[in-house]
Every structure is written in structure tokens, then in C-alpha cells.
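Please look over the sequence and the fold shown here before reading on.

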Amino acid sequence: MSKDTISNLLTCIRNADMAKKETVRIASTNITEKIVRILLREGYIKNVRKHQENKKNFLVLTLRYKKTPKEVYRTRKEVYRTRTTLKRISRPNLRIYSKYPKIPKILGGMGIAILSTSRGIMTDREARLERIGGEILCYIW
């Protein structure tokens, strides 16, 4: 387990997505809870619940599935996952900051960038509306 909780969160979600897992368990910190709340609101994950084991808090994420048209006609479940790409931008040894006019649009607005601003963690659209810049944490598309 690394000390960079954001990259640990993104790596756990990416690995669970590639392994076609339904749920993934990550350590709960304030920053991971806020990022997961954004992912839930934007529709990249299906559900979140808190779990406690031995006085340690965890977040259990339910990843989003999409059903194929074949599933309607067959009795067994065939589901495929829409591939979510998660990319860490600002790292502990290399911080990337951006002013609000230069906040990048991911895939022409189809993806999101998560920023850490003076008003909290928010998406690129929210930061542009509030006209504030900040540290670019990650891209998701």
C-alpha cells in the first residue's frame, strides 16, 4: 500500500475494472471519500457504502455495469463493462497546477478532470463555473 492515497484509489478501481470485479474495497480517507462522491455523482460508479473492520474504515464501491441486448434474450447473465480510464496527473513529487482559463477539457468535455481547489475537491466544470483554478488530481474518461 502506497502513501499516495489518490493513486491507490485509482489503481484499485482500474484493477477491479480489468478483472471484471463487481465490488472493490479501498481505505477511507477524507480525500478518497470526496473523489468517490464525485465519481458517484458523475455516474462512473454505481454505489458506495462504508464498512468498518478492526477500527479501520473502508469504502466498498460497486462498479457500474452495462447490460447487452443479448441479455434480454438469454437466460444467463452477459454483461460488459464500459472501460473507464483513470489517469493520475499531479503526483507527490510533481504537482501540476492550472488557472481556471487553462483547465483542460477531457475528450472535448466527455470526460472529467478532478481538481483540488481552495473551495474543496471539484470537477473541471464546477471550477470553471466558479472561476477558480487549482491542482489537477486526475483525469477520468
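Helix α2 lies across β1, β2 and β3 and runs at about 155 degrees to β2, where axes are lines fitted to C-alpha atoms, for helices over the stretch in contact, and angles run from 0 to 180 degrees between N-to-C directions. The model is predicted, so local features need pLDDT of at least 70 and side-chain atom pairs count only at pLDDT 80 or more, while totals for chains, interfaces and linings use all residues. Residues are numbered from 1 along each chain as its sequence is written, and side-chain values use heavy atoms, with hydrogens and water left out. Helices (H or I, at least four residues) and strands (E, at least two) are DSSP runs, numbered from the N terminus.

**The sheet**

- Three strands form an open sheet in the order β1-β3-β2, with antiparallel pairing (two strands pair if DSSP finds at least two bridges between them).
- Because β1 and β2 (45-53) stand at the edges with a single partner strand each, one side of each has no neighbour in the sheet.
- Neighbouring strands of this sheet are turned by 25 degrees against each other on average, direction ignored.
- Strand β1 (residues 23-27) is joined to β3 (residues 56-63) by 5 bridges, and Thr 23 stands opposite Thr 62 in β3.

- The axes of α1 (residues 5-18) and α2 (residues 30-42) come within 9 Å and cross at roughly 40 degrees.
- That angle makes α1 oblique to α2, since angles under 35 degrees count as roughly parallel, over 145 as roughly antiparallel, 65 to 115 as roughly perpendicular and the rest as oblique.
- Thr 5, Ile 6, Leu 9 and Ile 13 of α1 meet Ile 31, Thr 32, Ile 35, Val 36 and Leu 39 of α2 (contact means heavy atoms within 4.5 Å).

**Two buried residues**

- Thr 117, in strand β8 (residues 112-117), is buried, with a relative accessible area of 11%.
- Leaving aside neighbours within four places in sequence, Thr 117 is in contact with Met 122, Ile 132, Gly 133 and Gly 134.
- Asp 124, found in helix α4 (residues 124-130), counts as buried at 3% relative accessibility.
- Not counting residues up to four places away in sequence, Asp 124 touches several residues, including Ile 103, Pro 104 and Lys 105.

Notes: Buried means under 20% relative accessible area, exposed over 50%, partly exposed in between (1.4 Å probe, protein chains only).
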